[in-house]
Amino acid sequence: MIKRKTTARLPKSAVPIWLTFLFALVLASSTARPVPSKPVPTINVPVGEQVSVRYAKGFSIKYTGPYKIVSIISPFEKKVDTIRYVLVQRGTPPPKGFAASQVIEIPLRKLVAMSSMHVGLAAFLGAEDLIVGLANLKYVSSPKVLRRIETGKIQEVGRDQTINEEQLITMQPDLLMAMGSPTARMDRYRTLRDAGIPVLINSEWVETTPLGRAEWVKLMAALLNKEKLVNQKFGQVENEYKRLSALTQKVSYKPSIISGMNAKDAWFVPDGDSYMTRFFLDAGGSYPWVNRRATGSLPLNFEAVYPIALKADYWLNVGMMSVDSKESVLARDARYADFKAFKQGRMYSYSKRVNAQGANDFWESGALNPQLVLADLIKILHPELLPKHELVYYRQLK
C-alpha cells in the first residue's frame with residue numbers, strides 16, 4: 001500500500017509526543033462529523049507468491065510493491081525491441097513513471113483471446129470462464145469453452161484485417177491478448193488502446209524450447225493473481241519433461257527426422273533454434289537443419305528438401321488435417337512415395353485430437369503440456385523407452 005507523507009511537521013523537540021496525541025484526540029472529538037464511507041482500495045498480492053521465468057526469453061515479470069512490470073521482448077520479431085505493461089491491482093492507482101506503458105487492471109475479469117494457445121493458457125489455470133471473445137469460434141478444443149460458446153457467452157471478434165473493433169469496444173474486455181508475428185504491428189490496435197482496451201502481445205512461437213513456450217502460462221497467471229497455482233502446476237510439467245528427456249541422453253541410435261510438407265510451393269521446416277527442433281533432439285532424434293541459427297520456420301522449396309527427405313528415417317508433423325493417410329499424401333505429390341519414411345511407414349501427424357469442427361488440441365492444450373508431446377515423440381522414435389505410453393497428440397499415417 002502506498003503511504004502518503006504529511007506535508008507539515010512540528011520539530012520533534014518542540015512538542016512532547018504525548019501532548020501531540022492528546023491535542024489530536026481533543027481536536028478530533030470536537031470536530032468529528034459523520035461522513036460517507038469511501039471504499040478502501042484493496043491490494044491482493046500474496047507475499048512470496050511470485051513467478052520466476054527460467055526458460056522463456058520472450059517476456060519478463062518484475063514485482064515492484066503492489067505492481068507487476070511485464071516486458072514483452074521483440075514482440076514482432078525484432079521490429080520492436082520491448083513493449084512494457086504495468087499490471088495494477090484493481091481499484092488502485094497506477095504508479096508514476098510509466099506513462100509510455102499500457103496499464104492493465106488485474107485480476108482480469110474479461111479476456112479476448114486471438115489464438116488457440118491463449119485458450120490453453122486460460123484452461124491450464126482453470127480460468128476458461130473469463131474468456132468472452134475469440135478470433136474464431138471454430139478452432140476451440142476446450143469442452144468448457146465450447147459450452148460457453150454454445151450458450152452465447154463468447155463472441156467471435158475476427159482477426160487481423162477482419163477484427164471487429166466496434167464490437168470489441170462495446171464488449172469492453174479487460175484485455176485483448178494478441179499474437180506477435182513478423183507482419184503484425186502495434187499500431188494495428190491503436191483504436192482499441194485509445195478506447196481504453198489494453199492489448200498484450202503474446203509471441204510464444206519464437207521461443208527456442210518447449211518449456212520456454214509453455215512458460216508463457218506464468219504471464220497469464222500474473223494477470224490472474226494465480227502465481228501459487230502456476231508454480232505448482234508448471235513445476236510438475238517441468239519435472240516430467242526433464243525426466244523424459246533424460247531417458248534419451250544415452251541412446252546410441254538417433255534417427256533422422258524431416259518435418260512438415262510442401263504447400264503452395266513452400267515447405268516450411270523448423271529452424272535450428274525453434275522449440276520444435278528442441279522437441280526432436282530431446283526425443284533422441286537428429287535433425288538436418290539443427291545448425292541453422294534462427295527461430296520459427298525456414299521456407300524451402302520441394303527440390304531443396306527432396307534429397308534430404310529421401311534418406312530421413314522419420315517424417316513427422318506430416319501435413320494438415322486434410323492429409324490424414326498415405327493415400328492423401330500421394331494425392332498431393334507422387335514424389336513423396338520416394339521417401340524412405342514413406343516406404344517404411346514411419347509417418348506421423350499431430351492430428352489425433354482433432355474435434356468434429358476441425359480444431360486441433362495439439363495447438364491448444366499441447367502447447368501447455370510439452371511433457372506429453374515429448375512422450376509421444378519418444379514413443380515414436382524409441383518405443384522401448386516408454387513401452388506403456390499411448391500416443392496422446394500424434395498418430396501414424398497409414
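1. Start with Ala135, in the loop that runs between β6 (131-134) and α3 (143-150). The model is predicted, so read every point here with that in mind. Is Ala135 buried or exposed? Ala135 has a relative accessible area of 7%. Buried means under 20%, so Ala135 counts as buried.

2. What does Ala135 touch, leaving out residues up to four places away in sequence? The list is Ala113, Met114, Glu156, Val157, Gly158 and Arg159. Take Ala113 from that list. Ala113 and Ala135 are 22 residues apart along the chain, and their C-alpha atoms are separated by 6.7 Å.

3. Now the whole chain. The protein chain holds 14 helices and 16 strands. Of its 398 residues, 49% are buried. Consider the contacts with a separation of 6 or more: residues 24 or more positions apart account for 62% of them.

4. Strand β3 (residues 82-89) deserves a look. Of its 8 residues, 6 are buried, so β3 is largely enclosed by the rest of the structure. Strand β3 pairs with β2 (residues 67-73) in the antiparallel sense, over 6 bridges. In that pairing, Thr82 of β3 stands opposite Ile73.

5. Strand β3 also pairs with strand β4 (residues 102-106). Here the sense is parallel, and there are 5 bridges. Val88 has Glu105 in β4 as its bridge partner.

6. Turn to an open sheet of 3 strands. Its order is β11-β12-β13, and the pairing is antiparallel. The edge strands are β11 (262-263) and β13 (297-300), each pairing on one side only. Between β11 and β12 (residues 266-270) there are 2 bridges. Between β12 and β13 there are 4 bridges.

7. Which residue stands opposite Trp267 of β12? Asn262 does. Trp267 also has a bridge partner in β13, namely Leu300. Leu300 belongs to the covered face of β13, together with Leu298. The uncovered face of β13 has Ser297 and Pro299. In a regular strand, side chains alternate between the two faces of the sheet.

8. Another open sheet has 4 strands. The order is β10-β14-β15-β16, with mixed pairing. Strands β10 (257-259) and β16 (395-396) are the edges, and each pairs on one side only. Strands β14 (residues 314-316) and β15 (residues 347-349) are parallel, joined by 2 bridges. Across this pair, Leu316 stands opposite Tyr348 in β15.

9. Helix α14 (370-381) comes next. At 1.5 Å a residue, its 12 residues should span 16 Å. The end C-alpha atoms are 16 Å apart, which agrees with that figure.

10. How many of the 12 residues of α14 are buried? The count is 10, so α14 is largely enclosed by the rest of the structure. The buried residues are Pro370, Gln371, Val373, Leu374, Ala375, Asp376, Leu377, Ile378, Ile380 and Leu381. An α-helix has 3.6 residues a turn, so residues three or four places apart point the same way.

11. Leu374 of that buried set is touched by Ser245. Ser245 sits in helix α8 (residues 227-247). Ser245 is buried, with a relative accessible area of 13%. Asp282 is also in contact with Ser245, again leaving out residues up to four places away in sequence.

12. Last, the empty space. Rolling a probe the size of a water molecule over the atoms shows where such space is left. The count comes to 2 cavities of 30 Å³ or more. The largest cavity holds about 70 Å³ of space.

13. What lines the largest cavity? The lining residues are Pro210, Arg213, Tyr275, Phe279, Phe362, Gly366, Ala367, Pro370 and Val373. By class, there are 7 nonpolar, 1 polar and 1 charged residues. Helices α6 (210-214), α9 (275-282), α13 (365-368) and α14 (370-381) each supply at least two residues of the lining. Pro370 and Val373 line this cavity, and they are also among the buried residues of α14.

How values were computed: Residues numbered from 1 in each chain as written. Predicted model: local features only at pLDDT ≥ 70, side-chain atom pairs only at ≥ 80, totals over all residues. Heavy atoms only, no water. 1 Å grid on protein atoms, 1.4 Å probe; cavity = no way out; pocket = protein on both sides within 12 Å on 5 of 7 lines; lining within 4 Å. Points joined across faces, edges and corners; volume = space filled by probe spheres on them. Nonpolar A, V, L, I, M, F, W, Y, C, P; charged D, E, K, R; others polar. Pairing = 2+ DSSP bridges. Expected span 1.5 Å × (residues − 1). Buried < 20%, exposed > 50% of the residue type's maximum accessible area, 1.4 Å probe, protein only. Contact = heavy atoms within 4.5 Å.
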